[in-house]
Amino acid sequence: MAEEDQEEGSVCQELQVLQSIYLEELEISRGDRVELRITLHPATGDDAESQYVRLTLHLSLPPQYPDDPPEISVTNPRGLFDKQIHSITDILHRTAAQQSVGGPLLYELIEKGKEMLTASNIPRGHCVICLYGFQEGDSLTKTPCFSSLPSFTLPGTICQALPGREPGRELVCFVSGMSGKSDL
């Protein structure tokens with residue numbers, strides 16, 4: 001009983017540390033299981049305009065955490081191919097399996113996810129409008145939902161020239177139809 005209380009206390013302490021690090025980014029819900037949700041972006045300093053990928057990481061803690069690893073899932077990926085998403089998920093699962101020896105693991109998983117997004121922070125594939133193949137160093141326009149367009153395309157040029165493109169203005173992406181606040 002005392003060991004169980006100590007384990008529960010260490011989990012609460014780990015969650016408090018995470019809340020102090022990630023402030024408004026981290027959502028924690030408690031029910032049958034403790035669930036964590038955080039939207040991850042690549043490490044680009046304060047330059048949000050150069051963030052071309054993101055995802056939401058979900059961590060579900062089993063009752064035996066930290067002795068058993070958390071369940072890991074990814075939702076809302078933007079700017080990533082399916083192969084990249086599967087690779088990120090696989091690496092996070094391997095990290096959890098290797099490190100799950102009864103100690104804190106959540107911070108390491110979150111930071112590993114950010115590290116992998118930073119390495120993948122180049123739009124891949126083709127423009128959905130003109131089918132241009134993205135290349136490193138291209139000048140891109142990013143919509144609020146993280147759709148990327150070459151700046152030389154007509155939609156990219158229109159996006160760049162939109163009046164009232166000040167930060168915080170509500171914009172609708174003509175690629176996905178999603179709306180969001182402009183961070184440009």
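Predicted model: local features only at pLDDT ≥ 70, side-chain atom pairs only at ≥ 80, totals over all residues.
Residues are numbered from 1 along each chain as its sequence is written, and side-chain values use heavy atoms, with hydrogens and water left out.

**Overall layout**

- The chain holds 4 helices and 8 strands; helices (H or I, at least four residues) and strands (E, at least two) are DSSP runs, numbered from the N terminus.
- Reading from the N terminus, the order of elements is α-β-β-β-β-α-α-β-β-α-β-β.
- Of the 184 residues in the chain, 40% are buried; buried means under 20% relative accessible area, exposed over 50%, and partly exposed in between (1.4 Å probe, protein chains only).
- The chain has an accessible surface of about 10,600 Å², and carbon and sulfur atoms account for 51% of that surface; areas come from the Shrake-Rupley method with a 1.4 Å probe, and for residues only the protein chains shown count as cover.
- Among contacts (heavy atoms within 4.5 Å) with a separation of 6 or more, 47% are between residues 24 or more positions apart.

**Helix α2**

- Helix α2 covers residues 82-99, and its 18 residues reach 26 Å from first C-alpha to last, close to the 26 Å expected at 1.5 Å a residue; the expected span is 1.5 Å times one less than the number of residues.
- Its buried residues are Q84, I85, I88, T89, L92, T95 and A96.
- Seen down the axis of α2, these buried residues fall within an arc of 135°, so they line one face of the helix; the arc is that of the directions from the helix axis to the C-beta atoms.
- As background, an α-helix has 3.6 residues a turn, so residues three or four places apart point the same way.
- On the face of α2 turned away from the buried side sit the exposed residues D82, K83, H86, R94, A97 and Q98.
- The cover over the buried residues of α2 includes β3, β4 (71-78) and α3 (106-119).
- Q84 belongs to helix α2 and counts as buried because its relative accessible area is 14%.
- A polar atom of the Q84 side chain lies 2.8 Å from the backbone nitrogen of F81.

**Nonpolar cores**

- The largest nonpolar core has 28 residues, and the members touching the most others are L18, L36, L55, L57, L59, L106 and I110; a nonpolar core is a set of buried Ala, Val, Leu, Ile, Met, Phe, Trp, Tyr and Cys residues joined through side-chain atoms within 4.5 Å.
- Two or more residues of this core come from each of α1 (2-22), β2 (34-40), β3, β4, α2 and α3.
- Helix α3 gives the largest share of this core, 5 residues.
- Leaving out residues up to four places away in sequence, I110 touches L18, Y22, I38, L40, L57 and L59.
- A second, separate core of 5 residues includes Y52, F134, L140 and L149.

**T56 in strand β3**

- T56 is part of strand β3, residues 54-61.
- T56 counts as buried because its relative accessibility is 2%.
- The side chains of T56 and T39 make a polar contact at 3.3 Å; a polar contact is a pair of N or O atoms within 3.5 Å, where within protein one must be able to donate a hydrogen and the other to accept it, and residues adjacent in sequence count only if both atoms are side-chain atoms.
- Setting aside neighbours within four places in sequence, T56 is in contact with R37, I38, T39, S73, V74, T75 and N76.

**Backbone details and loops**

- Most residues other than glycine have a negative phi, and most peptide bonds are trans.
- N76 is not a glycine, yet has a positive phi of about 55°; its relative accessible area of 32% makes N76 partly exposed.
- L23, also not a glycine, has a positive phi of about 35°.
- L23 sits in the loop between α1 and β1 (26-30) and is exposed, with a relative accessible area of 60%.
- Y65 and P66 are joined by a cis peptide bond with omega of about 15°, and P66 lies in the loop between β3 and β4.
- I122 is found in the loop between α3 and β5 (140-142), and its C-alpha atom is 8.0 Å from that of G79, 43 residues away along the chain.
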